[in-house]
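Reader: I would like a close look at one part of this model, the place where the two chains meet. Please take me through it, then set it in its surroundings.

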Amino acid sequence: MLDVAGAAHLFGGEAALVALVEEKLARHGARTGLADTPEAAWALARYGPDLPRERILPAGDAKALARAMANLPVAALRIELEAARALSQTGLKCIGDIVHRPRAPIVARFGAQVFARLDAMMGLAKSPISPRFEAPAYVAERRFAEGILAREQIESTIASLARDLCDMLARHDEGARSLAVILFRVDGVVRRIDCAASRPLREPSAIARLFREKMEALSRDEGGLDVGYGFDLVRLAVMQAEKFTPGQSGFKLSNLAGPGSANDSRGFHRVGRADDALADFLDRMSARFGAHRVLRFWPQDSHMPEAAALAMPASRGAPPQPPPEPEGRGLRPLRLFEKPEPIETIAEVPDGPPLRFRWRRAMHEVVAIEGPERIAPQWWKSAAPSLTRDYFRVEDSNGRRFWLYREGLYGAQSALQVNGPRWFVQGLFA
Amino acid sequence: MSPGGRSDRIDFLREAVARIEAGGSSLENKGLEDEATRAEARVRRRSAFFEIAPAAMSDGPAAAGFALMAASRLGAGEGGPILWIAEEFALLESGVPHAPGLGLHGVGWGDFVLMRLPRRADVFLALEEAIRARAFAAIVCEPAGLAESDARMFARRLAPAARASGARAILLRPPAGPRAPFVAPTPMRFEVAARPAPRPAAGRRPLPGFAAWRVRWTGPPGSLPGLEPGSVHDVDLSGEDFLSAALSLRLPFGMDGASPACRVA
């Protein structure tokens, strides 16, 4: 089962994707089906028409889905064989035969599963896809005769498993970049906790510390692990391992140029410790608060201000150098609003720069202005039309500096600017 | 006005360079330089925890710019990036630090880490951890709001931790307001307001200047020689007087030999 939502265009569309999959798996005799729900796709793949293109249903078309499913046999509902056979014997051979029938008699005779599957197939009930996880590179696990309940017990077990795991990693000269603790509850419930590291880790205490932070975050956000009757199996797995080079952590290119550089072994040692401390801090904070909350800015190949820098998890490492600024590009503000805030402006002439503007209910008198810097929309990236922006760097009478833009052009006819150009404040200078 | 005001800006820069060449920098004097070095060492040793507050709510960006410049100067040569820990609501209200705009304050893309956290308690927890980690050149902490009593408590708790670990932490506070005067027990505390910067004239209306601040030092008497509590100083990216006296800090431009086109006013 593949979730291809939003990905089919990368393969030239859904038909091309289906053709590619069938071609690659032809020797296994595979058939595919593509639909809005997993149940419908499953049914199409097994009981659908012979032509591959007829096994692709249009996205978001509930009527087409109902039409396509109506002719399929009841076995396509993925119900038990006896139930499917019994339904057929009563004359209900196709899905279309039961869709509009009263539900109560069928449920009473054949069980609730029939309509549960039917609702999931038609998109009336949720049916999530359970992902298949990648096989871990290294695994250490411990079983318990009775389930363990206390958080301290779980943490000490993880620390102990981390030691075993690090021995394995050392034998292969590797370090862990991605780890998972899988906790198996006595009653069969499985809980998985993932952690990532910004450098290959092979230190048991660092691994244990990462999971301690994660457990702390869980207890804060979710009230802790639901231990139930306890966990009788704790598994620590390395999901992604990388080559571990001990000397690498003490090396920094910038150290070659400055004082205490290449010939100064103490300098190397100091920088190495600082780098380790930084990586350790970023990993711990990412584990505690989530990787999306500890960020570094990566330069992007875009002239749109809001897209020029992409905030990426800091655990991915330091960003590359940004490209040189293009000739004639104006200054950029210190702070940028994620959503530009509309302002009211008064100008001398309609298409002139503002003389004063109102933002957050305060009037600002413009005493100095630089611009316009025209930024055209990225028409080659987005099919949705957007408007040209003219940016102005503005200083008001109190010395506060703003980055304003006018969206749209005077005199231009566009459905996007019915009432003429609009003004926004997008950034603030110090 | 020329396109983008570029030639006006270049003329303005030329004039600024000519003034510097004619008058010389205050740090050219050897005695002053020694004094500045001593002051810097003193400041670094004694004042690991700074508090910066805007004079009014609308001076928030100015205070943030001053904090970033101070962080870049305090952390110069220390290694490690600058860590900016902000409460989510503060970023919604004041905007997110914009990487292409950091260069004006002497901070490169690779030297900046942002933590955006949902709760104030998380912000201070992260600040405390960062102070202890000894991994950052400087740390700027920006909560969305802070009661005076809380500010005092955090200052009392974090200032000794910062001194002990050698970290340089800056608490970027919201404005105190008239009913809650800015009196936290931190020796290095400043109230910052935006100020019209020196600017080149061009046509009918001049071009905006670069970063400039009016800084009121609200530290306790005697903690910085030559400065009186409440004294007001004008600081901008082309002047060194106040910073070299108070913090012994040179300004970001010229430190890394970067192109002055977008750094000097």
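Author: Strand β5 (residues 294-299) of chain A is joined to β4(B) by two bridges, and the two strands run antiparallel. Pairing here requires at least two DSSP bridges between the strands. Within β4(B), B:Leu114 is the bridge partner of A:Leu295. Strands are DSSP runs of E with at least two residues, helices are runs of H or I with at least four, and both are numbered from the N terminus.

This is a predicted model, in which local features need pLDDT of at least 70, side-chain atom pairs count only at pLDDT 80 or more, and totals for chains, interfaces and linings use all residues. Residues are numbered from 1 along each chain as its sequence is written, while chains are lettered from A and ligands numbered from 1 in the order in which they are written.

Now the wider interface. In chain B, 51 residues are in contact with 46 residues of chain A. Contact means that the C-beta atoms, placed from the backbone, lie within 7 Å. On the chain B side, α3 (60-74), β3 (96-97), α5 (99-102), β4 (112-117) and α6 (120-133) each supply at least two residues. That side of chain B divides into 30 nonpolar, 13 polar and eight charged residues. Nonpolar covers Ala, Val, Leu, Ile, Met, Phe, Trp, Tyr, Cys and Pro; charged covers Asp, Glu, Lys and Arg; the others, Gly among them, are polar.

Next, chain A as a whole. Chain A has ten helices and twelve strands. Its C-alpha trace spans about 85 × 65 × 45 Å along the principal axes. The radius of gyration of chain A is 30 Å, whereas a compact globule of 430 residues would have one near 22 Å. That radius is taken over C-alpha atoms, and the globule rule is 2.2 Å times the number of residues to the power 0.38. Of the 430 residues in chain A, 33% are buried. Buried means 20 or more other C-beta atoms within 10 Å of the residue's own, exposed means 12 or fewer, and partly exposed lies in between, with C-beta atoms placed from the backbone. Among contacts in chain A with a separation of 6 or more, 56% link residues 24 or more positions apart.

Two loop residues of chain A deserve a look. A:Arg78 is not a glycine, yet has a positive phi of about 60 degrees. A:Arg78 sits in the loop between α3 (62-70) and α4 (81-89) of chain A. A:Arg78 counts as partly exposed because it has 15 C-beta neighbours inside 10 Å. A:Asp173, also not a glycine, has a positive phi near 55 degrees. The loop between α8 (151-171) and β2 (174-185) of chain A holds A:Asp173. With 13 other C-beta atoms within 10 Å, A:Asp173 is partly exposed.

Methods. Two residues are in contact if their C-beta atoms, placed from the backbone, lie within 7 Å.
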